[in-house]
Amino acid sequence: MPEKIFKVNQKEYILPGNRSCQGCGLALAYRYILKALRENTIMTIPASCLTVLHGLYPITSVTVPALNCTFASTAASASGLVAGLAAQNRTEMTVVAMAGDGGTYDIGIQALSGAAERGTDFIYVCYDNEGYMNTGTQRSSATPMGALTTTTPVLTKQQNKKDMMKIMEAHDIPYLATASPSYPIDLYDKFVKAKRIKGTRYIQISAPCPPGWGFAPKDTVKIGRLAVETGMVVLYEIEDGKFRFTGRSKTLAEKGNRAPLIQYVEKQERFRKMNIEQLARLQKWVDGKWNEYLRRAEE
Amino acid sequence: MSAVQILTGNQAAATAVKLCDVQVISAYPITPSTSLTEMLAEWIEKGELKAEYVRVESEHSVMTVCVSASSVGARVFTSTSSHGLLYMHEQLHWAAGSRLPIVTCVINRGVGAPWSIFNDQQDSISQRDTGWIQIYCRDNQEILDSVIQAYRIAEEVYCPVMVCYDGFVLSHTMMPVEIPEAEKVKNFLPPYKPHTILSPEEPLNINPVILPTQRRDAQGVLRDGYMEFRWKLQHALEGSRDVIVEVNRQFADLFGRDHGGMLWGYRTDDAEVYLVGIGSLATEATMAADMLREEGIHAGVVGIRVYRPFPREEIRNVLKNAPAIVIFEKDISYGYEGALSADVKAALYGTGISAPVHNYIAGLGGRDVKAAELAEAVRSSLAAVAGGVMERQTWLNCVTE
C-alpha cells in the first residue's frame, strides 16, 4: 500500500551520519521506529549494535533521550524509568527498551520476563540479527540452524532458533508483533499502534546484517523480503491474544504461494556449509511454524 | 515531636526511608534484609508512604531500577545482603560511574560457598572498589540517623552510599530508637536535585561508549575521556570526607546525636593498646577495653564508621602515639590479610608510626565473638609484642590446624 508512505511522520530523529555498518537492517528499522514513536519517547539500550549506532561520547546521532544500561538489564532499566517518571507524575512519556537478540533471547530474558509479568508500561523492541553481531558474529539462541558463526565456525549451529514470540506471548501481554525493515509501513503502523496501548508491548524486528550474514550491503532490503517470502520471518501481530497476519505475510497466507527456503538460504554466506539434510530440517521447521500461524489465524 | 520506639535495625532503617520521602523503592528478598523492604511495601500498600515499589525478579534488576529511576530524578532506596549484593556487583559499578545518589542498606551477611545466612562483613567489604561510600553502623539509632545522613551526603557529592549494619546482630535485635520529627528531617534533607535530567526537552545519550582520550563535541568543546571520568569519581570520593564530617556535625547540632564523622574513639586518650574494628564488632571491642582496663591494661577502641572513603588522616591522627594496634574484622582478603588491617597499615606508611599491628579475623559466618575473647586476644598480642612480634595474623576462635 504505497500511498501510506505519505502518512509517515516526515521528521527525522536520527541525524545524518551514524556508526552503523553499511546496509544495517537495524538502522533502517530504527529510523521508522523513532518516526512512529515521535516526541516524548525515552529509550534505554544495552551494550549492542544500537549503542554503536548512537555514537561515541560526546557526539550522538540520535535526537531522543537515551539511557545506556548493562547487557542483562534492559527491561529492568525500562522498569526504573517508568517508576521514576511515575513517581514524579511525568506520565506523558513512552518508555522504550531496545536490545538485540543476544540481549533479549539470552542474557536479558530474566529481566524481560520480570518486566512483562509485572505489566510494566513500556515497549520492548528486540532487533533480531540472529547472533552477537556487535562482538563479531557469535552464536546466540536466535541464530538459525545451519548458520556459521564465529563460535560455530566448522559444524554450523545445530539447534533451531528459540521461539521468543511464544515465550513473550505466554506472559499474557496486550500486544506483540513481528516486523521487518523491508516492509517499513507495516513496521511503522505496528509502532503507532503499540504507542497507544498500555502495558507491556513486545515487538521483534528481523534485522538483516550484511557482515554477519554474509551478503552485500545493497541487498539488505532484498534479503529481508526473501526472509518474509520464504516464511523464515513471518509478519504478524497478536493483540489481546488474537493472532493476525499482516502485510506481505497476510498475502502469502491468503494466496498460499510461499517461496522455498533455498531461495533465502543460498544468498547468504553464513549458510554456505549447510547440507541438504539441514536444509530439509530447516524447511520442515519453517513449514511447521507457518502451519501453526495458519491455524491460529483461523481461530 | 520526636518519640522513642523499640525497633529492630531493619525497622529503624525503614523508618528513616519513610522520613526521607523516598520516591522509588525496588527490592528482592534475601535474609536478613527482607523485613526492611517488607515493612516499606506494607506502608506503601496502606498509603502511609507515597512511593513506587518495583518488585523485580533479581538483585541485578533491583540496582538497575535504582539507577534508571535515579537518572530521571527520583530519590531511590533498596536494601540487600550477601549474595544479593554480590549479584548487584556489575550495577554497583554502573551506579557509581553514573554518579547517582542511590542509598542502599547492606545488612551484612557471610557469602558462600557453602551457604551461610549469618553475619560477617565479607559481602560489603568485597564491594570496596565499586566507587560507593560505605558507612558502618554500631546500633539501631545510628542506622536510622545514618540513612538520613546518607541521602544528604549522596545528593551533595553525587556518589552512591551503602549504609551497612550487621545481620541479625543489629537487623533483628530490638533497641530503643529516637524517631526524629518529619519536619525536622525535611529541613535537614532538601529535595533531590539530579545532576542531569533525562527528558525529551533536552535529549542526551547518557553513558554511551567513551574513548580513552578526550574528544571534541559538536560545538568543538573538548570533553572528558574515560580516565577523566574515573578521576572525577575518585576525586568526589576523596572529597566526600569533608561532606561526611560536616553532615554529621550538622546532624548532631540539629538532632543531638554525634556518631563520629569518619570514625569514633573510645577511651583512646591514654591508651597503650588500640583495638580497631568496624560495626558491632567495634562495639564489642569497647566492652573488651573496659575489661582490660579493669586489669590495668589501658585499652582504647577506634571504630571505623566510614570505610570508603578511607579515614586516612583520622587514622593517622588517632594512632599517632599508639604503642600497639590490634585490628579485629569480619572479613578476609584471601591470600593476604583482613582488608581493614591492610588499609590501616597502608595509612600509617611513611608517617613514622611504627607500632606493631596484629590482625584478628573473627566472627565469620556468624561465629560468636565475645568481649572476653577479644580481651584475651589483646593480652596475647601484648605478650607477643613484648617478645618483638610486630605483625601477626590470627583467626580468632577457629581451628587452624
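Me: Which residue with a positive phi follows H1(B)?
Reply: The model is a predicted one. After H1(B) comes a residue whose phi is positive, near 55°. That residue is Asp21(B).

Me: How many residues of H1(B) are buried?
Reply: Buried here means that 20 or more other C-beta atoms lie within 10 Å of the residue's own. The buried residues of H1(B) include Gly9(B), Thr15(B) and Leu19(B), and also Lys18(B). H1(B) is largely enclosed by the rest of the structure, because the buried count is 11 of the 11 residues.

Me: Are H1(B) and H2(B) parallel, perpendicular or oblique to each other?
Reply: H1(B) covers residues 9-19 and H2(B) covers residues 34-45, and their axes are 8 Å apart. The packing angle is about 40°. That angle makes the relation of H1(B) to H2(B) oblique.

Me: Is the crossing of H1(B) and H2(B) left-handed or right-handed, and how do the contact residues divide by class?
Reply: H1(B) passes H2(B) in a right-handed crossing. On the H1(B) side the contact includes Ala13(B), Val17(B) and Lys18(B), and on the H2(B) side Met39(B) and Trp43(B) are among the residues met. By class, the residues of this contact are 7 nonpolar, 3 polar and 1 charged.

Me: Which element of chain A gives the most residues to the side that touches chain B?
Reply: The contact between the chains takes 39 residues from chain A and 40 residues from chain B. Elements of chain A that each supply at least two residues include E1(A), E2(A) and H5(A). The side of chain A has 19 nonpolar, 19 polar and 1 charged residues. The most, 10 residues, comes from H3(A).

Me: Which residue of E9(B) is the bridge partner of Leu67(A)?
Reply: E2(A) and E9(B) run parallel and are joined by 2 bridges. E9(B) consists of residues 205-206. The partner of Leu67(A) in E9(B) is Ile206(B).

Me: Which residue of E3(A) pairs with Met43(A), and at what angle does H3(A) run to E3(A)?
Reply: E1(A) and E3(A) run parallel, with 4 bridges between them. Met43(A) has Val96(A) as its bridge partner in E3(A).

Me: What is the bridge partner of Ile135(B) in E7(B)?
Reply: Both faces of E6(B) are covered, with Ile133(B) and Ile135(B) buried on one side and Gln134(B) and Tyr136(B) buried on the other. E6(B) pairs with E7(B) in the parallel sense over 4 bridges. The partner of Ile135(B) is Val163(B).

Me: How far apart are the C-alpha atoms of Gln149(B) and Phe251(B)?
Reply: Gln149(B) lies in H7(B) and is buried, because 27 other C-beta atoms are within 10 Å. Beyond its neighbours within four places in sequence, Gln149(B) is in contact with Val247(B), Asn248(B) and Phe251(B). Gln149(B) and Phe251(B) are 102 residues apart along the chain, and their C-alpha atoms are separated by 7.5 Å.

Definitions and conventions:
Residues are numbered from 1 along each chain as its sequence is written. Chains are lettered from A and ligands numbered from 1 in the order in which they are written. This is a predicted model: local features need pLDDT of at least 70, side-chain atom pairs count only at pLDDT 80 or more; totals for chains, interfaces and linings use all residues. Axes are lines fitted to C-alpha atoms, for helices over the stretch in contact, and angles run from 0 to 180 degrees between N-to-C directions. Angles under 35 degrees count as roughly parallel, over 145 as roughly antiparallel, 65 to 115 as roughly perpendicular and the rest as oblique. A crossing is left-handed if the near helix is turned anticlockwise from the far one by less than a right angle, and right-handed if clockwise. Two residues are in contact if their C-beta atoms, placed from the backbone, lie within 7 Å. Ala, Val, Leu, Ile, Met, Phe, Trp, Tyr, Cys and Pro count as nonpolar, Asp, Glu, Lys and Arg as charged, and the others, Gly among them, as polar. Two strands pair if DSSP finds at least two bridges between them. A residue is buried if 20 or more other C-beta atoms lie within 10 Å of its own, exposed if 12 or fewer, and partly exposed in between; C-beta atoms are placed from the backbone.
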